[in-house]
Amino acid sequence: MTESSVDVVPVAAPTRVPVRGGGTFPVRRIYCVGRNFADHAREMGAEAPASKADRGTPVFFAKPADAIVVSADVPYPTATRDLHHEVELVAALGRDAPPGELSVDDAAALVYGYAVGLDLTRRDLQAAAKAKGLPWDIAKGFDASAPIGALVPAAEVGELAGRTLSLRVNGELRQTSPLDQLIWDVPEILHELSKLFALRAGDLVFMGTPAGVAALLPGDTCEARLDDVLELHCRITSPPL
Ligand code: MN
């Protein structure tokens with residue numbers, strides 16, 4: 001080994017998501033879609049498109065790969081008094097996209113599998129950023145902001161459109177929607193993302209949340225589901241003193 005090839009700081013291990021049935025999925029990037037359910041867009045005070053022809057372009061943002069949490073305990077973050085849950089379908093890419101724009105028809109073949117996750121949000125900081133026209137990073141991309149359940153291969157999940165996403169907090173139903181309510185479905189989102197980024201194996205895409213987002217408190221337990229096919233169980237723990 002030559003001197004110039006020696007790492008001068010320790011290399012961080014990639015975050016890995018367990019796959020149901022065995023194996024792990026190393027995470028490269030996390031892309032997120034905003035305002036992908038009309039009822040949630042409206043509850044946030046944004047306009048929802050009247051039809052697919054009026055939907056414009058999707059809203060994208062990102063989280064760091066190490067924001068993923070696979071353990072059952074999720075720490076309440078610093079610097080907020082209004083942590084919100086957003087239950088989301090997560091698509092996991094198993095192959096690199098070919099160079100150039102990915103067609104909607106070719107997009108589904110890139111998907112390795114799916115999970116359910118939470119796009120945890122410091123809602124108070126997001127509202128302040130929106131009011132000032134500032135970026136959302138500190139509201140969305142904080143440590144442990146992306147709890148996720150086990151990945152399930154796409155063939156085992158089957159057709160998505162007829163399935164229902166839900167989140168219960170302390171047993172109470174907070175969010176639920178059929179996935180046919182997505183403004184942009186998974187292939188359409190991958191097509192749009194491919195115009196902006198080179199999609200690669202290891203990328204995760206959080207697909208956006210339906211209405212019913214609300215506050216989480218230390219001690220709350222979350223149960224996210226896609227019917228009986230995908231699930232996530234976690235608990236919000238107290239911040240360190
Ligand atoms: Mn979201």
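Is Ala 79 buried or exposed? I looked this up before anything else. Ala 79 is exposed, with a relative accessible area of 58%. I note here that the model is predicted.

**Entry: two residues with positive phi**

I stayed with Ala 79 and checked its backbone. Its phi is positive, about 65 degrees, although Ala 79 is not a glycine. I then traced its place in the chain. Ala 79 sits in the loop between strand 6 and strand 7.

Asn 170 is not a glycine either, yet its phi is positive, about 50 degrees. I found Asn 170 in the loop between strand 13 and strand 14. Those two strands form a hairpin with 2 residues between them. At 46%, Asn 170 counts as partly exposed.

**Entry: the sheet around strand 13**

Next I followed the strands on either side of that hairpin. How many bridges join strand 13 to strand 14? I read 6 bridges, and the two strands run antiparallel. Strand 13 covers residues 164-169. I picked out two of the partners. Val 169 is bridged to Glu 172 in strand 14. Arg 168 is bridged to Leu 173, also in strand 14.

Strand 13 has another neighbour, strand 16. I read 5 bridges between strand 13 and strand 16, again antiparallel. Here Val 169 stands opposite Cys 222.

**Entry: the cysteines**

A disulfide is a covalent bond between the sulfur atoms of two cysteines. I counted 0 disulfides in the structure. Cys 32 is in no disulfide, and its nearest cysteine sulfur, in Cys 234, is 16 Å away. The cut-off for a disulfide is 2.5 Å.

I looked up how accessible these residues are. Cys 222 is buried, with a relative accessible area of 4%. Cys 32 is at 0%, so Cys 32 also counts as buried.

**Entry: the manganese ion**

Which residues coordinate the manganese ion? I listed Glu 86 (OE), Glu 88 (OE) and Asp 119 (OD), at 2.0 to 2.1 Å. Along the chain these donors follow the spacing E-x1-E-x30-D. I then placed two of them. Glu 86 lies in the loop between strand 7 (83-84) and strand 8 (87-93). Asp 119 lies in the loop between strand 9 (111-118) and strand 10 (121-122). The pair therefore ties together parts that are 33 residues apart in sequence. Glu 86 and Asp 119 are both buried.

**Entry: strand 8**

I checked its burial: 7 of its 7 residues are buried, so strand 8 is largely enclosed by the rest of the structure. I sorted the residues by face. One side has Val 87, Leu 89, Ala 91 and Leu 93. The other has Glu 88, Val 90 and Ala 92.

I looked for the partners of strand 8. It joins strand 9 through 7 bridges, running antiparallel. Val 87 is bridged to Leu 118 there. Strand 8 also pairs with strand 15 (residues 204-206), antiparallel, over 3 bridges. In that pairing, Ala 92 stands opposite Leu 204.

**Entry: the nonpolar cores**

In soluble globular proteins, nonpolar side chains tend to be buried together. I looked for such groups here. The largest nonpolar core has 48 residues. Which of them touch the most other members? They are Leu 89, Tyr 114, Val 186, Leu 190, Leu 226 and Leu 230. Several elements supply at least two residues each, including strand 3 (30-34), helix 6 (186-194) and strand 17 (230-237).

I took a closer look at Leu 89. Its contacts include Tyr 114, Leu 160, Val 186, Phe 206 and Leu 230.

How values were computed: Residues are numbered from 1 along each chain as its sequence is written. This is a predicted model: local features need pLDDT of at least 70, side-chain atom pairs count only at pLDDT 80 or more; totals for chains, interfaces and linings use all residues. Side-chain values use heavy atoms; hydrogens and water are left out. Buried means under 20% relative accessible area, exposed over 50%, partly exposed in between (1.4 Å probe, protein chains only). Donors are N, O and S atoms within 2.8 Å of the metal (3.2 Å for Na, K and Ca); water is not among the atoms, so sites may look incomplete. Helices (H or I, at least four residues) and strands (E, at least two) are DSSP runs, numbered from the N terminus. Two strands pair if DSSP finds at least two bridges between them. A nonpolar core is a set of buried Ala, Val, Leu, Ile, Met, Phe, Trp, Tyr and Cys residues joined through side-chain atoms within 4.5 Å. Contact means heavy atoms within 4.5 Å. Lists of a residue's contacts leave out its neighbours within four places in sequence.
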